[in-house]
Amino acid sequence: MKANIQFVNSDRNGTAEGIINKKLDSLKRKFDWLISAEVFFKSEKESNGKGFICEVRLSLPGPQIHANCNEASFEAAAAGVADDLEVQLKKRKSEMLTH
């Protein structure tokens, strides 16, 4: 699966990039019908201590799947968004099997 990773309003973070690549590889092994992923790491200043956002759009047969997570670090956001994507992919897979 091809993954396009971009950092918006922040410097490149190798650790977060490694985490999201590892998580996407794991998802690709479980769901072999994934085509590509677009990953955006964004840094925003917020008053509640968070502000590191990881947003992922997955291309697959049918509608795209989208998830984002706002955490205190890019690493935590990457892990959180991967969990959200897995839940959505499991739901999509169960819908595909029923037809």
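## Basis of the values

Residues are numbered from 1 along each chain as its sequence is written, and side-chain values use heavy atoms, with hydrogens and water left out. Because the model is predicted, local features need pLDDT of at least 70 and side-chain atom pairs count only at pLDDT 80 or more, while totals for chains, interfaces and linings use all residues.

## Aromatic pairs

Five aromatic pairs are found in a search of the whole structure. Rings of Phe, Tyr and Trp (its six-membered ring) pair if their centres lie within 6.5 Å; planes under 30 degrees apart count as stacked, over 60 as edge-to-face and the rest as tilted. The pair of F7 and F41 is stacked, at 4.8 Å centre to centre with 15° between the planes. F7 belongs to strand β1 (residues 2-8) and F41 to strand β2 (residues 36-43), so this pair ties together parts 34 residues apart in sequence. Helices (H or I, at least four residues) and strands (E, at least two) are DSSP runs, numbered from the N terminus.

F41 also forms an edge-to-face pair with F74, at 5.3 Å centre to centre and 75° between the planes. Since F74 lies in helix α2 (residues 74-98), the pair ties strand β2 to a part 33 residues apart in sequence. Both F41 and F74 are buried (under 20% relative accessible area, with exposed over 50% and partly exposed in between; 1.4 Å probe, protein chains only). Ring pairs link F7, F41, F52 and F74 into a cluster.

Strands β3 (residues 52-59) and β4 (residues 65-71) run antiparallel and are joined by seven bridges; two strands pair if DSSP finds at least two bridges between them. V56 has A67 in β4 as its bridge partner. Five residues lie between the two strands of this hairpin, and G62 in the turn has a positive phi of about 90°.
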